[in-house]
Amino acid sequence: MKVPLLDLQAQHATIKDEIRAAIESVFESQIFILGPEVEKLEKAIASYTGTPYAVGVSSGTDALLVALLALDIGPGEEVITTPFTFFSSASVISRLGARPVFVDIDPSTFNIDPALIDKAVTPRTKAIIAVHLFGQCADMDPILAIAKKRGLKVIEDAAQTIGAEYRGRKAGSIGDLGIFSFFPSKNLGGAGDGGMVVMNDKTLFERVRVLRVHGMEPKYYHRELGGNFRLDALQAAVLNIKLPYLNGWSRRRQINAELYDRLFQETGLIEKEYLETPQAVYRTGGDKNYHIYNQYTLRAKDRDKLQAHLRSKSVGNEIYYPVPLHLQECFKSLGYRTGDFPVSEQAAAQVLSLPIYPELTSKQKNFVVETITMFYGARP
Ligand SMILES: *Cc1c(COP(=O)(O)O)cnc(C)c1O
């Protein structure tokens with residue numbers, strides 16, 4: 001048996017005809033740059049996330065970049081984020097000449113620990129990028145409270161978390177600006193790169209829209225230095241077909257997660273402290289935290305050996321992320337050292353993400369759990 005980490009072909013098979021027709025219709029129109037498909041997607045994402053404004057852009061990374069540009073972040077300024085995330089959450093800060101200031105994570109969610117933010121704020125701090133990692137929102141209420149007290153803007157990096165909820169609010173709609181990525185491995189994946197910025201404020205919306213097309217308004221009059229950050233009409237057409245399926249797909253990821261949780265519990269591996277399954281905080285009660293499991297990420301004892309074992313049995317898996325950002329070569333000049341963010345460093349050494357995609361079969365899920373049980377089974 002083979003269990004890939006992600007099987008996009010299985011998903012595509014279910015919507016092939018609709019996708020073909022949508023692509024064909026863009027070709028018939030020959031409108032490839034912005035246009036009606038992009039506008040339709042922007043309206044749909046705005047409505048889906050409960051925000052009045054959405055702007056389609058070229059990638060999740062560019063969405064973050066444009067969001068920072070719209071907040072006028074630049075040299076001499078600082079932006080707070082975590083070191084346990086995908087590279088983009090911090091690289092965009094440096095790209096604008098500002099300084100990423102890292103704050104460690106909460107070990108139960110892998111998201112920024114709000115209790116540590118206040119200490120990291122300086123007179124140069126302008127914003128917080130709250131990353132919603134693996135499909136679960138960061139604890140936004142205390143983050144917003146600190147931001148308000150210190151006069152900071154909040155960007156939600158919801159690249160992995162479209163459709164997740166935090167206390168009844170949709171990811172991306174909670175801070176000043178929210179960003180999504182349509183990279184193919186995200187819960188809503190395009191046929192290539194794409195992204196979206198959502199926001200509640202009209203002035204920010206107009207700014208983002210102009211920044212997306214070279215800071216140009218009207219045509220050939222450039223107000224400021226924007227870029228080419230446009231979303232392709234072909235991507236929007238594909239995403240317009242996929243969006244209505246998103247909740248169903250995410251639901252199946254949740255069902256898979258619940259099954260893994262139960263099966264791992266039954267193996268006894270959690271009790272023996274070989275494994276920790278991911279925690280969906282606030283899962284119960286009125287403050288339901290709607291985790292959408294872009295990744296199902298374990299903490300595992302002897303992680304690297306377990307990974308090799310899974311590979312030998314053709315069970316897909318990945319380490320998100322093996323090197324925390326403060327220890328990346330390109331951020332050396334920031335002056336951080338090993339030991340500065342112990343919770344992130346420990347996570348990097350322990351985490352392993354398993355196949356969680358919606359089309360997994362029961363047999364595959366059982367095989368994943370059996371293969372892991374086999375690995376630890378030989379131990380006392
Ligand atoms: C995927 C991702 C991004 C970047 O999105 P791209 O569309 O690949 O540029 C940013 N932040 C996080 C947390 C991501 O997972």
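Guide: Contact means heavy atoms within 4.5 Å, and helices (H or I, at least four residues) and strands (E, at least two) are DSSP runs numbered from the N terminus. This is a predicted model, in which local features need pLDDT of at least 70 and side-chain atom pairs count only at pLDDT 80 or more, while totals for chains, interfaces and linings use all residues. Residues are numbered from 1 along each chain as its sequence is written, and side-chain values use heavy atoms, with hydrogens and water left out.

Visitor: What covers the buried residues of helix 12?

Guide: The cover includes helix 9 (246–267), strand 10 (275–276), strand 11 (296–300), helix 10 (303–312) and strand 12 (351–354).

Visitor: Which residues of helix 12 are called buried?

Guide: Buried means under 20% relative accessible area, exposed over 50%, and partly exposed in between (1.4 Å probe, protein chains only). The buried residues of helix 12 are Gln364, Lys365, Phe367, Val368, Val369, Thr371, Ile372, Phe375 and Tyr376.

Visitor: How do you know what span to expect of helix 12?

Guide: The expected span is 1.5 Å times one less than the number of residues. Helix 12 (residues 362–377) has 16 residues and reaches 22 Å from its first C-alpha to its last, close to the expected 22 Å.

Visitor: What makes domain 1 and domain 2 separate entries in the description?

Guide: Domain bounds come from an automatic or database domain assignment. For the protein chain, that assignment gives domain 1 (8–244) and domain 2 (246–376). Their centres, taken over C-alpha atoms, are separated by 24 Å. The contact takes 46 residues from domain 1 and 37 residues from domain 2.

Visitor: What makes a space a cavity, and how many of 30 Å³ or more does the structure hold?

Guide: On a 1 Å grid over the protein atoms alone, a cavity is a set of points where a 1.4 Å probe fits but cannot get out, whereas a pocket is an open set with protein on both sides within 12 Å along at least five of seven lines; lining residues have an atom within 4 Å of a point. Grid points are joined across faces, edges and corners, and a volume is the space filled by probe spheres set on the points. The structure holds 2 cavities of 30 Å³ or more.

Visitor: Why is the second largest cavity said to lie between the domains?

Guide: Domain 1 (8–244) and domain 2 (246–376) both give residues to the lining of the second largest cavity, so this cavity lies between them. Its volume is about 100 Å³. Of its 14 lining residues, Leu8, Gln11, Lys186, Asn187 and Arg253 are the closest to its centre.

Visitor: Which residues lie nearest the centre of the largest pocket, and how many of its lining are charged?

Guide: Ala, Val, Leu, Ile, Met, Phe, Trp, Tyr, Cys and Pro count as nonpolar, Asp, Glu, Lys and Arg as charged, and the others, Gly among them, as polar. The largest pocket, with a volume of about 480 Å³, is lined by 22 residues, of which Glu39, Glu42, Phe205, Arg209 and Arg212 lie nearest its centre. By class, its lining divides into 11 nonpolar, 1 polar and 10 charged residues. Helix 7 gives the largest share, 6 residues.
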